[in-house]
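Let's read a protein model together, one feature at a time. Have a look at the picture and then follow the chat.

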Amino acid sequence: MSETTDIEKKPPLNGRRALPSNYSNDEENEVPEMEAFGVIPRGFNPRDFLRVENIDMFKEPHEINKQQHHTDRYYNPKLIVRRGQSFQIQIDFNRPYKPETDRIWLEYLIGRYPQQNKGTYIPILIRDVLKPGEWGAKITHKENNSIRLSIMSSATCIIGKFRLYVAVLTPFGILRTHRNSATDTYILFNPWCQQDAVYLDDEKEREEYVLNDVGIVFHGDINDIKLRSWSYGQFEESILDACLFLMDKAELELSGRGNPIKICRVASAVINSRDDNGVIAGSWDNTYAHGVPPSAWTGSVDILLEYYSSKQPVRYGQCWVFAGVFNTFLRCLGIPARLITNYSSAHDNNANLQLDFFLDDEGKVDTKITKDSVWNYHCWNEAWMTRPDLPVGFGGWQVVDGTPQETSDGMYRCGPASVQAIKHGHVCFQFDAPFIYAEVNGDIVYLRKEKNGTQVIENIDTKHIGQLIVTKEVGRDGMMEITEEYKFQEGSEEERLALETAVMYGVKKQTTQDTSYQPQTDVDMDFQVQKAVLGSDFKVTITFRNKSRNPYNVTAYLSGNIVFYTGVAKNEFKKHSFSAKLEPYSSSAVDVVIKSSEYMGHLLDQASFHFFVTAQIKETGKILAKQKATVLEIPALRIKTQGATVAGKEMSVIVEFTNPLKQNLENVTLRLEGPGVLRTIKKEFRQIPMNSTLTWEVKCIPNRPGLRKLIASLNCDALRHVYGELNVQIQKP
């Protein structure tokens with residue numbers, strides 16, 4: 001960028017600020033190689049003084065620095081270290097170094113306007129001892145013209161890419177090494193360092209939450225949990241630079257980049273494209289023109305690299321895509337992070353603990369006036385850090401959410417909010433805790449509008465929201481339930497206290513006492529949806545249990561809707577009214593068959609249905625209401641390998657898929673990726689006829705030994721969310 005355009009772009013300096021804001025890690029200032037103390041005498045020759053000939057950063061993956069700092073997996077030629085921990089460099093001079101007379105020091109600079117008090121200019125003097133967690137350097141070895149230095153960085157240091165200069169004092173001025181990008185040093189968060197705000201004391205958890213570059217997304221719904229792998233790829237080429245660029249894009253002052261709370265807050269806004277042209281544009285309407293459908297992505301790398309090069313939002317994402325990319329960003333910078341799924345998540349809830357579903361005269365949900373929705377599932381992230389801005393006890397896992405839902409302080413962002421504070425109802429603590437509390441704790445209230453405008457409560461479901469909160473197990477691919485980290489046992493005394501605390505701190509809860517609500521207690525109604533494969537018929541079984549000695553007659557209505565996973569209905573594809581006679585103290589069941597011809601033409605990309613059953617008891621006029629989501633089984637891709645799987649040698653990966661539908665699949669896109677094995681490859685197929693099998697062979701050369709994962713996805717208009725995966729052991733050559 002030329003000097004002139006830069007000046008035009010920057011606001012003019014004002015009377016309050018000596019220097020413009022410093023929020024670009026990329027921009028640099030000119031550093032003089034000779035800084036004279038006054039008039040330089042004639043005959044002064046810099047070559048007469050101690051001169052730096054070479055600096056060795058020990059930056060190869062197998063060398064000491066990257067090994068000790070757990071950064072050997074970054075596909076990046078420069079030195080990458082973690083803060084608060086010492087690293088080694090070697091300086092070669094033109095003659096032996098004499099500590100009695102020679103004065104040298106190191107300078108680390110970041111950004112365009114380095115200042116010592118902002119932590120963007122760091123002079124490091126050579127000392128006899130290093131203090132843990134404070135900047136310093138000491139000589140550990142001297143031989144011929146070389147010295148070996150051990151350098152300690154501060155445990156609160158800014159995260160980013162620093163430039164290194166070596167300065168030598170002469171009687172007439174300071175001589176510096178010239179600008180050399182080969183000595184640039186990336187400094188990251190350090191979960192291995194006790195003084196770091198992101199310190200995590202369990203080695204297995206650090207392996208999982210910082211160093212694992214693949215993870216699992218749990219989706220589907222509460223009655224049919226599905227899982228798929230996601231490639232985070234935080235160590236892949238250019239991803240570290242792309243993640244640092246996100247902080248520049250969010251205009252986070254460099255001086256604030258040592259603070260994980262600030263970084264998470266700005267990142268939760270910049271991950272989505274709403275109001276700041278951030279990384280991913282969301283789309284929930286099943287039309288994905290000029291972009292990639294959210295279900296087709298297999299990982300974060302393509303998305304981050306596309307954004308880093310184009311600087312334009314990447315289309316399209318839904319919650320797991322935002323959460324997957326956010327997880328890559330956090331792990332890449334060294335903040336322990338995990339992806340969370342909340343089943344039956346209350347949405348658009350303006351932090352109100354009540355989701356109102358309005359029923360019409362027939363007992364059907366009136367979609368025109370029902371504004372609230374329950375998402376089958378919603379994904380967010382947790383990041384691990386201390387919270388010195390909150391009272392003691394609220395550090396640890398913090399919720400951050402990059403999916404744009406509600407604005408927070410005027411922008412689409414959410415968190416960090418302490419999980420512990422959410423559990424205990426202390427939602428007064430920043431940021432956005434009331435919203436998250438309501439996502440996991442709402443009640444569903446079924447209301448009927450009378451002709452005179454009054455609202456009558458027909459039914460309250462206190463258990464539907466936030467039924468199950470899960471994440472991937474540490475060190476394994478299974479599911480770990482963490483519901484009790486967010487809430488106490490349903491109906492317990494502690495839960496009631498947490499709720500009262502949350503209400504006291506401003507979560508809105510309408511009381512049901514002021515409206516006449518007498519639940520029907522002597523009849524229970526429930527229904528089950530049969531598990532079904534996409535394209536087949538299945539049945540819904542409604543069961544009534546009469547616990548009283550009175551016989552009852554019920555008229556009931558089943559409504560089947562195709563829904564987005566966000567719980568928003570697209571259309572009603574099944575209407576079925578029926579009646580039943582309930583004998584005293586007995587149960588009766590009614591089956592309703594759903595034919596594939598009724599739903600196949602309307603399906604959305606998550607093959608998701610939502611059933612409402614409402615029943616009215618003739619004798620008492622009371623209404624029973626129940627809703628459930630269900631997801632169809634979608635066929636999987638099969639992946640296998642052929643030949644030896646050895647790092648540096650060519651191998652074959654074969655992807656197979658059999659079309660199970662009673663129709664041909666048109667314009668099919670396959671994607672395949674595997675961190676350390678192959679970069680994402682895409683292939684288009686014009687058509688897969690019904691019942692036929694497609695086979696795709698890819699040749700690749702894996703570059704990293706160890707247990708790796710291959711992930712594939714298939715996508716076309718008639719069929720989305722088709723995945724396959726395979727664990728592959730890559731041998732050492």
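**Reading the model step by step**

A: Tyr 316 is found in strand 15 (residues 314-317); helices (H or I, at least four residues) and strands (E, at least two) are DSSP runs, numbered from the N terminus. This is a predicted model, where local features need pLDDT of at least 70 and side-chain atom pairs count only at pLDDT 80 or more, while totals for chains, interfaces and linings use all residues. Residues are numbered from 1 along each chain as its sequence is written, and side-chain values use heavy atoms, with hydrogens and water left out.

Q: Which peptide bond at Tyr 316 is cis?
A: The bond from Arg 315 to Tyr 316 is cis, with omega near 0 degrees. Another cis bond joins Gln 430 and Phe 431, with omega about 5 degrees. Phe 431 sits in the loop between helix 8 (419-423) and helix 9 (433-441).

Q: What is the phi of Lys 311?
A: Phi of Lys 311 is near 60 degrees, a positive value in a residue other than glycine. You'll find Lys 311 in the loop between helix 6 (301-310) and strand 15.

Q: Into which domains is the protein divided?
A: Domain bounds come from an automatic or database domain assignment. Here you get domain 1 (34-188), domain 2 (203-505), domain 3 (523-631) and domain 4 (638-730). The centres of domain 2 and domain 3, taken over C-alpha atoms, are 30 Å apart.

Q: How many residues of domain 2 and domain 3 are in contact?
A: Contact means heavy atoms within 4.5 Å. By that rule, 31 residues of domain 2 touch 24 residues of domain 3. Buried area is the accessible area (1.4 Å probe) that two parts lose on being put together, summed over both. For domain 2 and domain 3, that comes to about 2400 Å², with carbon and sulfur atoms giving 51%.

Q: Which salt bridge does Lys 531 form?
A: Side chains of opposite charge can pair when their charged atoms come close. The rule asks for a side-chain nitrogen of Lys or Arg within 4 Å of a carboxyl oxygen of Asp or Glu. Lys 531 pairs with Asp 224, and the closest N and O atoms are 3.9 Å apart. Between domain 2 and domain 3 the count is one salt bridge.

Q: How many salt bridges does a search of the whole structure find?
A: It finds 40 salt bridges. One of them joins Asp 213 and Arg 708, whose closest N and O atoms are 3.1 Å apart. Asp 213 lies in the loop between helix 3 (203-211) and strand 12, and Arg 708 in strand 39 (residues 706-716), so this pair ties together parts that are 495 residues apart in sequence.

Q: How many aromatic pairs are there?
A: Rings of Phe, Tyr and Trp (its six-membered ring) pair if their centres lie within 6.5 Å; planes under 30 degrees apart count as stacked, over 60 as edge-to-face and the rest as tilted. The structure holds 26 such pairs. Take Trp 380 and Tyr 486: their ring centres are 6.0 Å apart and their planes are at 55 degrees, so the pair is tilted. Trp 380 is in strand 18 and Tyr 486 in helix 10 (residues 483-486), so the pair links distant parts of the chain, 106 residues apart.
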